[in-house]
Amino acid sequence: MSEVRASDEPTPAGSNHDRDEPHDANVGSRLNWLRAGVLGANDGIVSTAGVVVGVAGATADKAVIVLAGIAALTAGAVSMAAGEYVSVSTQRDSERALIALETRELHEDPEGELEELTQIYEAKGMSRQLAAQVAEELTAHDALGAHAEAELGIDPNDLTNPWHAAGASMLAFVVGALLPMLTITFSPASFRIHVTVLSVAAALALTGWASARLGRSPATRAVLRNVAGGLLAMGVTYAIGALVGVNLG
């Protein structure tokens, strides 16, 4: 009988393969980027909404409210980009230092490193013989890649780019911040606050749902937590704005 490859065998109904789960090596990295984008947009929504609603509580002057919103959007976007750049650059420097150390150890003590890799796979549940075979084959294929992944959890060929991270954070923040900016700018003065609060709550519900889906966690709690936090932020800033506006007036 001819040998049937595993890929040609029918998939049992109800098996895990029916879930169409992604198995590509970079899926975790892509999910982290998506999650960071959702969180960046969420920050843009909450922080900018808090500023414009707070200023609207102090004054009905549309020009002042818009100016405050633009300042909040600009400062927040630049701050997000700078913070992400510094954070990822620090992480990248640490990863490079660890990779350099691993490279030196592989050069100076290849047998010791092979034994270390074997023990790592043994600790994962492999037999000694299989662990040694896997370690030898992976080392022969790409010694640095195998050791960096198993020992450090790092892919030497796929280090995070700080410029990409900074740009993505800035873009996500701006996209989120535009919603409260546009709603409070173009809504009628008598309904300005109400429309902004409702639109922000809806947007936060969406980002809460998206973050829950990406993290495969319960959506209801994430949505309620997100919306409650945003409403609290707007409520506090509006109350402070109204108090300051009355006192200054």
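A crossing of two helices is called right-handed if the near helix is turned clockwise from the far one by less than a right angle, and left-handed if the turn is anticlockwise. Keep that in mind for the helix pairs below. The structure here is a predicted model.

**The overall fold**

Let's start with the big picture. The protein has 7 helices and 0 strands, so reading along the sequence you get α-α-α-α-α-α-α. Of the 249 residues, 31% are buried. Take the contacts in the protein with a separation of 6 or more: residues 24 or more positions apart account for 70% of them.

**Annotated spans**

The UniProt record, an unreviewed entry, puts the feature "transmembrane region" at residues 63-86, 165-185, 191-211 and 223-246.

**How the helices pack**

Two packed helices are described by the angle between their axes and the distance between the axes. Here are two pairs from this model.

| Helix pair | Angle between axes | Distance between axes |
|---|---|---|
| α3 (residues 110-123) and α4 (residues 128-152) | roughly 115° | within 8 Å |
| α2 (residues 62-108) and α5 (residues 162-186) | about 160° | 8 Å |

First, α3 and α4. Their axes cross at roughly 115°, which makes α3 roughly perpendicular to α4. The crossing of α3 past α4 is right-handed. On the α3 side, the residues making the contact include Glu-113, Leu-114, Leu-117, Ile-120 and Tyr-121. On the α4 side, Arg-128, Ala-131, Val-134, Leu-138 and His-147 are among them. Sorted by class, the residues of this contact are 11 nonpolar, 4 polar and 7 charged.

Now α2 and α5. How are these two helices oriented to each other, roughly parallel or roughly antiparallel? Angles over 145 degrees count as roughly antiparallel, and this pair packs at about 160°, so α2 and α5 are roughly antiparallel to each other. Here too, α2 passes α5 in a right-handed crossing. The contact between α2 and α5 has 22 nonpolar, 5 polar and 3 charged residues.

Gly-69 is part of helix α2. Is Gly-69 buried or exposed? Its relative accessible area is 0%, so Gly-69 is buried. Leaving out residues up to four places away in sequence, Gly-69 touches Thr-48, Val-52 and Met-181. Pro-180 is 111 residues away from Gly-69 along the chain, yet the C-alpha atoms of the two are separated by 8.4 Å.

Over in helix α7 (residues 219-248) you'll find Ala-233. With a relative accessible area of 24%, Ala-233 is partly exposed, because that label covers values between the 20% limit for buried and the 50% limit for exposed. Which residue lies 182 residues from Ala-233 in sequence and 9.3 Å from it in space, C-alpha to C-alpha? That is Val-51.

Arg-225 is also in helix α7. What does Arg-225 count as at 58% relative accessibility, buried or exposed? Exposed means over 50%, so Arg-225 counts as exposed at that value. Arg-225 is 21 residues from Leu-204 in sequence, and their C-alpha atoms are 9.3 Å apart in space.

Conventions:
Residues numbered from 1 in each chain as written. Predicted model: local features only at pLDDT ≥ 70, side-chain atom pairs only at ≥ 80, totals over all residues. Heavy atoms only, no water. UniProt positions renumbered as here; feature names shortened; annotations may be inferred. Axes fitted to C-alpha atoms, helices over the stretch in contact; angles between N-to-C directions. Helix = DSSP H or I, 4+ residues; strand = E, 2+ residues; numbered from the N terminus. Parallel < 35°, antiparallel > 145°, perpendicular 65-115°, else oblique. Contact = heavy atoms within 4.5 Å. Nonpolar A, V, L, I, M, F, W, Y, C, P; charged D, E, K, R; others polar. Buried < 20%, exposed > 50% of the residue type's maximum accessible area, 1.4 Å probe, protein only.
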